[in-house]
Structure formats: C-alpha cells, structure tokens
Amino acid sequence: TECVSGCVCPKGLFDDGRGGCVEQNDCPCIHNNEWYSSGEKIKVDCNTCTCQKGIWKCTDDVCYGTCMIYGSGHYNTFDGKFYDFDGSCEYVATQDFCGDKNSSGSFSIITENVPCGTTGVTCSKAIKMFLGKTELKLENKEYKEIQRDVGDDVQYWNRTVGLYLVIEASNGVILIWDKKTTVFIKLSPDYKGKVCGLCGNFDDKANNDFTTRSGLQESNPLNFGNSWKQSPMCPDVTQEIKPCDLKPHRKSWAERECSIIQSTVFEICHSKVNPRPFYEACVHDACSCDSGGDCECFCSAVAAYAQECIKAEACVFWRTPDICPIFCDYYN
C-alpha cells in the first residue's frame, strides 16, 4: 500500500509469505499459523479443504458432533464449550427428550458421578444408555443390557477398538468409552439443535450451551449442572472445588507431570488445539486423585488432549515405557 525499502516481487509475481515470489496459481494458503502450498489438502473436522491460488476451497459435508466427558468432572460440549462440574449424582449427559413434555425421544445418556479422591471432586463411574426400550449399563470395564417394556426397537452394535468400547446405534448415536472415566458421545447432524443436557444443545453456538432443564439460559456452570441431575434427593453443588488448594503438597508434582501437554512433545498440536484448558484440567485431576489411581487420572487427562490433537490432524506419539505405557502385545 505504500513505498517501503527492501525486496519486492517483480511485476506479475506475488510474495508467498516465506521469502519467495510466485505466480498467482502457486500462492500458498495459511491455516493455524502453518503455510500450505497450492494443491495441498487438509482435513477440518469431516471436511477436506484444498488450497487453490491462496484461498481454501472446502467441501461442505455436515459433520457428526462430539461431546467429551473425562477425568474429574471435565466437559467439552458438542459446540466446543469447555467447563468443569463436580456433582455427585446421576446427570443427563445428552438426550433428545427436550422441551415439549409429550414429545417422544429416541435416546438418553446418563452419567453417574461418584467422588474420586478425598477432595470431593467426582468422576464418571457408570454410564447408562437408553435406546428405545433397551437400557445399556457400562460399569466396571463391561456393559450389560436390560430390556424394558416401553419404547421402540433401536438396533445397536458394539465393538472393541484398541482400549475403547464403541456402541453404535441405528438412530445416529455413537458412544465411545475407555472403560474408565472418559466418554465420547458422537451424534449425527440430524440432532443439531434437538438435544439437551450437560453436553449442550449441538446448534453450533457455544454461548447458549448452559441451557437448564427448564429452558433457561445460565452463565454459572454449577446452576446449569444441578438442573440436569436425575434425582431431586442429590445435594446441589454450591462451590467449585479446587483440589490443588486443598492438597498443596501435590500441586508441584501435578504441574511437573502435566507440563508434557505444553512441552515440545505436543508442539505440532499447540497451534491447532489450545493446550491451556487441557493442562489446567490435568493439574486439577492430578491433585485430586489422592486415594490411588493418580497415574490413571494423569494419563486420562493427557490422552484427552491427544485425542483432540488427532481430530485436528496432529498425531502425537506421547506414550513411552515411562509415561502411561500401553502393553500393545497384551491388548492385541
């Protein structure tokens, strides 16, 4: 826009942002602070984007939404809102029985949260999945099926993939469970804006995810979470628990262990997925799991970040014989 001294490109060529001059057809594109040459492709969620003359051209497939619940009360909604809620009760994670009392839904997923450690934080101990007249209960590394009298027939399939148990239903609901405290719920695009619960409403807007059972907008995650408890007998959560303040002797250990998330090990992912909330969740969990299983809490927290990295096309090999090893020969 103005005259500056220094190197410029000859007429008809364009600065490629990397110190070179190229023709317009060879202009690169930028995504997450990385440059891509013309013709290169990247995956963004379930769509493929191709760099053409410096502009991304993307397919516009509608993608499945994913909600993640892991560790001691961490939630990442379908629309990407990250929050903590430590309630000891059964809560609606997501369901399509929303609004109209007479409307019939096809599924409901309930998470049963119990204290894990002495500080009062809670972890998901069991998952109940209602599909028509079938109830599936996932607990103690296995699941059992209970047939009820009411509801439609909804088919489902289950399979084991690596460490995870995957349950896929014909109505577009997929549940992925690590047999410990991590649950991923995937919903087909047909459910956009039609679900409710702790996982939000899946309408591509994160700012209205805290919608209570009565349909009110909340700003406080505690009030929002309390509204989704299954039993009125459970006590409400009144304050956020800060386990590192209650167990200060564990804080430095937790910060040291969890620093792997912000280290060069995950460097390839930092520009794609913000590590900060995952690091803070990891420290929170490592402080709170003080009655055994502290390694498991730490590993689940790092694995949650690694999972988001994979979704963003950044594959990180972070497990070692010393850090959260998996005995692949045994599992294979």
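User: What do buried and exposed mean here?
Analyst: Buried means under 20% relative accessible area, exposed means over 50%, and partly exposed is in between, with a 1.4 Å probe and protein chains only. The model is predicted: local features need pLDDT of at least 70, side-chain atom pairs count only at pLDDT 80 or more, and totals for chains, interfaces and linings use all residues. Residues are numbered from 1 along each chain as its sequence is written, and side-chain values use heavy atoms, with hydrogens and water left out.

User: Okay, C289 and C297: buried or exposed?
Analyst: Both C289 and C297 are buried. They are also joined by a disulfide (a pair of cysteine sulfur atoms within 2.5 Å). The S to S distance of C289 and C297 is 1.8 Å.

User: Which hand does the disulfide of C289 and C297 have, and why?
Analyst: The disulfide of C289 and C297 is left-handed because the torsion about its S-S bond is about -75°.

User: How many disulfides does the count come to?
Analyst: The count comes to 13 disulfides.

User: Which cysteine does C116 pair with?
Analyst: C116 forms a disulfide with C123, and their sulfur atoms are 2.0 Å apart. The link of C116 and C123 is right-handed, with 70° about the S-S bond.

User: Why does C116 count as buried?
Analyst: Because its relative accessibility is 14%. C123 counts as buried too, at 6% relative accessibility.

User: Switching topic. Where in the chain are C299 and C324?
Analyst: A disulfide joins C299 to C324, with 2.0 Å from S to S. The pair links distant parts of the chain, 25 residues apart. C299 is in helix α6 (residues 294–311), while C324 is in the loop between α6 and α7 (328–331). Helices here are DSSP runs of H or I, at least four residues, and strands are runs of E, at least two, numbered from the N terminus.

User: What about the torsion of C299 and C324?
Analyst: The torsion about the S-S bond of C299 and C324 is about -95°, so that disulfide is left-handed.

User: And how buried is each one, C299 and C324?
Analyst: C299 is buried with a relative accessible area of 17%, and C324 is buried with 8%.

User: What about C315, how far away is the nearest cysteine sulfur?
Analyst: The nearest cysteine sulfur to C315 is that of C309, 9.3 Å away, and C315 is in no disulfide.
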